[in-house]
There are 2 protein chains.
Amino acid sequence: MRILLIEDDQGLGSAVRDQIAADGHSPDWVQTLAEAGDAERTTAYDLILLDLMLPDGAGLGFLRGLRARGSVTPVIILTARDRITERIEGLNAGADDYIVKPFDLAELSARIGAVARRYAGNPNPLIELGDLSIDLADRAVTGPQGRIDLSAREWAIFDALLARPGAILSKAQLEERLYSFNAEVESNTIEVYVSRLRKKLGAAVIETVRGMGYRLGQP
Amino acid sequence: MRILLIEDDQGLGSAVRDQIAADGHSPDWVQTLAEAGDAERTTAYDLILLDLMLPDGAGLGFLRGLRARGSVTPVIILTARDRITERIEGLNAGADDYIVKPFDLAELSARIGAVARRYAGNPNPLIELGDLSIDLADRAVTGPQGRIDLSAREWAIFDALLARPGAILSKAQLEERLYSFNAEVESNTIEVYVSRLRKKLGAAVIETVRGMGYRLGQP
DNA sequence: AGGAAGCTGACAGCAGGCTGAACGTCGCGG
DNA sequence: CCGCGACGTTCAGCCTGCTGTCAGCTTCCT
């Protein structure tokens, strides 16, 4: 499942992101509502985790805007224990569930799992890309010759590109996806993995936009 | 599906009963273990919902007795959030799944639906995997040399993989299946069980996807 | 043509995974 | 009540193959 995490706190944010990843989902972590808006508009998320206390405005407005645009993406709000009014307003604004901070990570997993199970009945959406067939939930890529195995890093990059078809992702953005800390300087790791992906999946799968980054190829 | 609900609390019991009925199943609600024993012996249930906190003795004993008599009826246990030990003992005693109280009724429906779906392929859903033949209802695996016995934990992991053929399940996901709390750091329990399963069932049964998790092998 | 950006084959190091063995625990039968 | 056996868990040492770096090459733009 693709999950958007909107949380400004560094420690909590990274912990939650890691937990989501460990559960086999694909987290995108943003720290402001501005970024959240961008991410939400360009990517089809299966679930949004929204902290209601953010620096650049109330998360409630974001949630209302989302619902006003007709989005039905499940939203779980994160709220402090003493903010009961906020919680109720959140549910009224269209949140599906809430978690009170501080919360246990296992608790979070359970709630996310509940959402995942709700989707479990539906058939897995298969993404078709040229002669490739990708199952996000299963993390499986199938080509004309059968299944293609990707390593963890390869999948992370491919998954990031799949999330925003047509969008250009910079090397820095992709790097951020691979490493929690973006201290990576002077390394061509991303290029290496793009190269490996092309070798496995076909050269057309990933397009290079010189000076800008990479983009999913059009089949 | 005929469902036996063992729950002493009036409010919760009736709510759950109504929910089950609303889902199109047939609930029998009893409030004591004595009644439960009578009901279970006289009726063939497809599923048992068992609260572990009951007035006339621990529900665990009931569950053990049930399994000792050779019953393979699926059992979902209801347990309080802080009773982790109890939950683990429940799974050890042969429970198929657990739900943490307080729970959402939709969550309950989802779990029941999962069980229903699992046993939908009546009478005996036999899964073929290479030269293995797996009977989900009986928890029995048969190989070329005859029946292979799996312990509770071994089965739990194998079952989780069987439920999603081709999908990659992370260690965290499998761990969650065993304990429900993933505060587990620094433990290679999953690896050990995978190792044992491979020894019993053949190395090809479970594939390792380095850095991501495990996947059912393709025969 | 020249430089910058990107590509890719090779390779060493190491994190992650495997597994035999030992230990603790629990339920059951005597 | 006690011992036995099965099961679950931890530990340590080994092994595998992913990962990241480098160097030399190609491609693209001015």
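This is a predicted model: local features need pLDDT of at least 70, side-chain atom pairs count only at pLDDT 80 or more; totals for chains, interfaces and linings use all residues.
Helices (H or I, at least four residues) and strands (E, at least two) are DSSP runs, numbered from the N terminus. Residues are numbered from 1 along each chain as its sequence is written, chains are lettered from A and ligands numbered from 1 in the order in which they are written, and side-chain values use heavy atoms, leaving out hydrogens and water.

**Around DNA strand C**

- A residue is near a strand if one of its heavy atoms lies within 4 Å of it; of the 24 residues around DNA strand C, those that come nearest include A:Tyr214 and B:Thr208.
- Sugar and phosphate make up 58% of the atoms of DNA strand C that come within 4 Å of the protein.
- Helix H8 (189-201) of chain A and helix H8 (189-201) of chain B each supply at least two residues of this surface, and the largest share, six residues, comes from H8(A).
- By class, this surface has four nonpolar, eight polar and twelve charged residues (Ala, Val, Leu, Ile, Met, Phe, Trp, Tyr, Cys and Pro count as nonpolar, Asp, Glu, Lys and Arg as charged, and the others, Gly among them, as polar).
- A polar side-chain atom of A:Tyr214 lies 2.6 Å from a phosphate oxygen of DNA strand C.
- For B:Thr208, a side-chain N or O atom is 2.4 Å from a phosphate oxygen of DNA strand C.

**Around DNA strand D**

- Of the 22 residues around DNA strand D, A:Arg196 and B:Arg196 are among those that come nearest.
- Here, sugar and phosphate account for 55% of the atoms of DNA strand D within 4 Å of the protein.
- An N or O atom in the side chain of A:Asn188 is 3.3 Å from a base nitrogen of DNA strand D.
- In the side chain of A:Tyr193, an N or O atom is 3.2 Å from a phosphate oxygen of DNA strand D.
- The surface near DNA strand D divides into eight nonpolar, eight polar and six charged residues.

**The sheet in chain B**

- Five strands of chain B form an open sheet in the order E2-E1-E3-E4-E5, with parallel pairing (two strands pair if DSSP finds at least two bridges between them).
- Strand E2 (26-30) and strand E5 (97-101) of chain B are the edge strands, each pairing on one side only.
- Four bridges join strand E1 (residues 2-6) of chain B to strand E3 (residues 47-51) of chain B.
- B:Leu4 has B:Ile48 as its bridge partner in E3(B).

Technical notes:
A polar contact is a pair of N or O atoms within 3.5 Å; within protein, one must be able to donate a hydrogen and the other to accept it, and residues adjacent in sequence count only if both atoms are side-chain atoms.
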